[in-house]
Structures are given as structure tokens and as C-alpha cells.
Amino acid sequence: MRQSLSFIAFASLLFALPIAANAAVLTVATVEELDEALEEADDGDTVFLKSGHYETQVDVLYPIHLDGEAGAVIDAGGEGSAVLVRVPDVTIKNLTIKGYGQDLYARDAGVRVTDGADNVKLENLTISGPGFGIRGDRMEGLEVKNCRITGEKTLHVLDRGDGVYLNYVKKPILTGNVVKNVRDGFYFENVEGSVSNGNSFTGAQYGIHWMYTRGDSATQNKAYGVRGGYALMSSERITLTDSEAGANIEFGILLNVADKCVVQGNTVDGVTNPKGNPALNTEGKGIFIYGPGASRISGNRIADADIGIGVALGGEGNVLWNNAFVDNRLQVRYVGETPLEWSLDGTGNYWSNYLGWDLDRDGRGDRAFQPNDSLDRLFWIYPEARFLMDSPVVTLMRWMGEQFDIDRGKGVTDSHPLMTWTDNNKRKGGN
């Protein structure tokens with residue numbers, strides 16, 4: 001029996017060898033040669049573009065490899081999509097792609113991957129244009145690796161295409177990409193199981209925008225100079241870890257009706273809105289929790305924001321501990337009626353404005369901390385009275401409130417505030 005199985009395996013190998021051996025490399029140097037090669041290529045063949053300018057729209061109808069040497073440029077001539085992938089198992093790499101259209105309703109893109117084109121790999125592409133950099137619909141297994149995607153900076157941000165737009169896509173993997181001057185860096189809608197690691201975003205509305213997604217993860221990403229860093233919206237089971245956001249306007253991290261998510265070990269620095277209006281709650285927020293959902297938020301450092309963390313319209317179900325809120329102009333904004341406890345198993349958060357003491361030296365303050373009090377809530381509800389916030393009378397009232405525990409059990413309470421916090425706390429967040 002063992003000999004029989006070995007013979008079968010050997011015979012299978014022999015049948016497989018001719019397929020690999022017969023895979024051809026078709027080298028082209030003109031648009032005419034490229035068109036011919038795309039028609040003649042068999043499954044698994046490589047169409048290799050010599051350095052040059054190819055003003056054409058590439059239609060990939062067979063599972064081939066499309067590759068090029070330095071300086072190989074595909075230019076769509078200002079309309080439509082530059083490369084259209086209609087079949088599974090296609091690989092495209094080492095090309096510059098530009099000149100595609102800006103009709104977002106027509107799905108104009110540098111690379112457009114259509115329904116059912118599973119397991120497409122896009123690697124080391126330089127893509128620039130007004131439409132979507134990469135657009136994919138109703139497929140699975142897409143990989144986007146080490147691509148540089150640049151939108152049209154002169155357009156209003158909402159008129160640009162997204163760097164990568166995926167709709168009803170399962171298990172895409174996006175790693176090491178650099179995206180700038182687009183609408184959203186990555187926009188995922190009805191996506192399942194996406195992985196976004198080591199990407200960077202600038203000049204966009206949001207870095208990564210999840211909408212109606214499930215089971216996604218993102219780590220070691222950077223979103224600087226965008227309106228909002230990471231938007232988790234109407235989604236569940238997203239894990240956002242070890243990522244950075246800075247110089248943002250609206251928020252660093254947004255959880256909008258996000259449920260069962262994990263936000264851990266991230267750094268948000270300098271979220272400020274120069275046009276922020278307290279009456280409209282439009283100041284910049286390091287973390288903004290808006291709407292119902294229960295997520296776990298730990299090990300994050302939020303610094304130098306207009307508001308460190310804001311909670312509104314049903315965000316009371318989230319658990320927060322072991323975070324650092326450092327030098328935010330307002331540490332917390334919460335106007336709900338439900339008292340909130342922001343600690344877990346005896347571990348609270350670090351607050352740069354906590355003035356308590358630690359007589360037993362366990363690393364926790366001996367006195368609970370309330371980062372917002374009744375006066376704060378009064379000023380938030382009636383922002384026209386904010387000019388009184390720093391008056392001697394208000395200072396006296398705050399002191400009296402602390403002495404007599406007037407606000408105990410109201411708003412946000414951290415019963416175990418941390419006395420110190422370092423980057424090592426990021427790894428202690430826990431899930």
C-alpha cells in the first residue's frame with residue numbers, strides 16, 4: 001500500500017511539472033505588444049513590461065502575472081480604470097499606474113478588481129489619480145502590499161476616491177502601504193476579516209474607516225495629518241492595536257456604534273480643531289465614543305487634545321482601564337446620567353491632572369478621581385457660560401465639591417487612578 005501511495009504522489013508531481021515548466025514570460029515594449037500578450041497569455045504566464053509609457057486601459061481576462069521593470073507606466077488617458085481585473089489568481093506588481101478617471105459612481109480606479117476575482121495580489125505599485133486607487137467588490141483573498149497611492153490634492157477631500165475601497169470583500173490583507181491625499185485611506189464596507197498592518201496615511205479624511213464590518217484587525221499603522229485617525233463605525237469585533245494618530249482635527253479614534261471591539265496600545269497625540277465649537281461638540285477628541293456598544297479600551301496614550309475622551313449618546317457600556325490621559329485641555333466630556341466607573345480589577349487610568357497621593361505605594365491613588373464634575377457638565381450644557389470656568393468663584397466651588405464629595409457617584413469616576421504610566425503599560429492592557 002505504501003508503494004502504491006508513493007507511486008501516486010510521484011505521478012501527481014510529474015503531471016504538475018509541465019504546468020510550471022511551460023509558464024511563459026512574454027516581454028513587451030509597446031501598447032500593441034501588450035494587447036497581443038494579454039490575448040495570447042495562458043494561465044500562470046507573466047506579461048512583463050519593459051520601461052516605457054503605455055497609454056492604454058489593461059483588461060485582465062486570464063489568471064496571469066503582470067510585472068514590469070523600473071519606469072514601466074500604465075496611463076489610462078484620463079478616463080475609466082487603468083487596470084481592470086476580471087478573474088481570480090492574478091498578480092500585478094512593480095508598475096506605475098496613473099491617468100485613470102474620477103467618476104466615483106462608475107468606480108474609476110487605478111486597479112479595479114471585479115466580482116468573483118478572488119486571490120488577487122497587488123504589490124509594489126505606484127498609483128496616482130483622482131478616482132479610487134484600488135477598488136474591489138464582492139471577492140475574497142485580496143492582498144495589497146507595499147503600494148504607494150496618491151490622490152488628487154486639488155480636489156475637495158470628499159470628491160476624491162479612497163486609497164483602497166473594498167465592498168463585500170472577505171479576508172483582505174493590506175500591509176506596508178503609503179496612502180496620501182485621498183478621501184479615506186482605506187474604506188471598508190461590509191468587509192469581513194480584513195488585516196491592515198504597517199500602513200501610513202496623510203492628507204485624507206480618515207486613515208482607516210470601517211463601516212458594517214466584522215472581525216477586522218489593524219496594527220502598527222500611522223495616521224498623521226488627517227481629519228480623523230481610525231473610524232470604527234457600525235461594526236463589531238475590530239481589534240485596533242499599536243497604531244498612531246497625530247495632528248488630527250476631529251478625532252484620533254472613533255467608536256460609533258462599535259461593539260465587541262478591542263482598542264489597545266495606541267498613541268494619539270495633538271488632536272485639535274481650531275474651529276471647534278463647544279455648543280456643537282466639535283472640538284478635537286483623542287477618543288470619541290458615540291452611540292451604544294461595549295468595547296474594551298486599554299493601554300492607550302492620549303495627549304494634547306482639545307478633549308482627551310468624549311462619550312455621548314449611549315457609550316456607557318465600554319470598559320476603560322490602564323490608559324494615560326496627558327495634558328489634554330479637557331480630559332473627559334460626558335454629560336450622560338449614568339454613573340461610569342473607569343477601572344477594571346483594581347487598575348484605573350493615569351490622569352496628568354490627578355493631585356492625589358499614594359501612601360501605601362501600590363501605584364494607585366488612595367483617593368478616587370472624577371475627571372469631570374457637576375460644574376463641567378453645567379458648562380457643557382450651557383457653553384455661553386464657559387468664560388466663568390477659570391473664575392475664583394468656580395475654583396472655590398470645585399474645591400468645596402472635592403472636600404464634601406458633592407459629585408461622588410456622578411459622571412465618570414476612576415476609583416484606582418494610576419500614579420505613573422510608561423509605554424510598558426501599553427503591553428499590560430489585556431483583552
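Two strands pair if DSSP finds at least two bridges between them. Strands here are DSSP runs of E with at least two residues, numbered from the N terminus. The structure I present today is a predicted model, in which local features need pLDDT of at least 70, side-chain atom pairs count only at pLDDT 80 or more, and totals for chains, interfaces and linings use all residues. Residues are numbered from 1 along each chain as its sequence is written, and side-chain values use heavy atoms, with hydrogens and water left out.

Let us begin with strand 19. By the pairing rule, strand 16 and strand 19 are parallel partners, joined over four bridges; N167 faces E189 of strand 19. Strand 19 also runs parallel to strand 22 (residues 206-211), with five bridges between them. There, D184 has Y206 as its bridge partner.

How many residues of strand 19 are buried? Six of its six residues are, where buried means under 20% relative accessible area with a 1.4 Å probe, counting protein chains only.

I turn now to the aromatic rings. Rings of Phe, Tyr and Trp (its six-membered ring) pair if their centres lie within 6.5 Å; planes under 30 degrees apart count as stacked, over 60 as edge-to-face and the rest as tilted. This rule gives nine aromatic pairs. One of them is tilted and joins Y165 to Y187, at 5.2 Å centre to centre and 35 degrees between the planes. Y165 belongs to strand 16 (residues 164-170) and Y187 to strand 19 (residues 184-189), 22 residues apart, so the pair links distant parts of the chain. Both Y165 and Y187 are buried.

Definitions and conventions:
Buried < 20%, exposed > 50% of the residue type's maximum accessible area, 1.4 Å probe, protein only.
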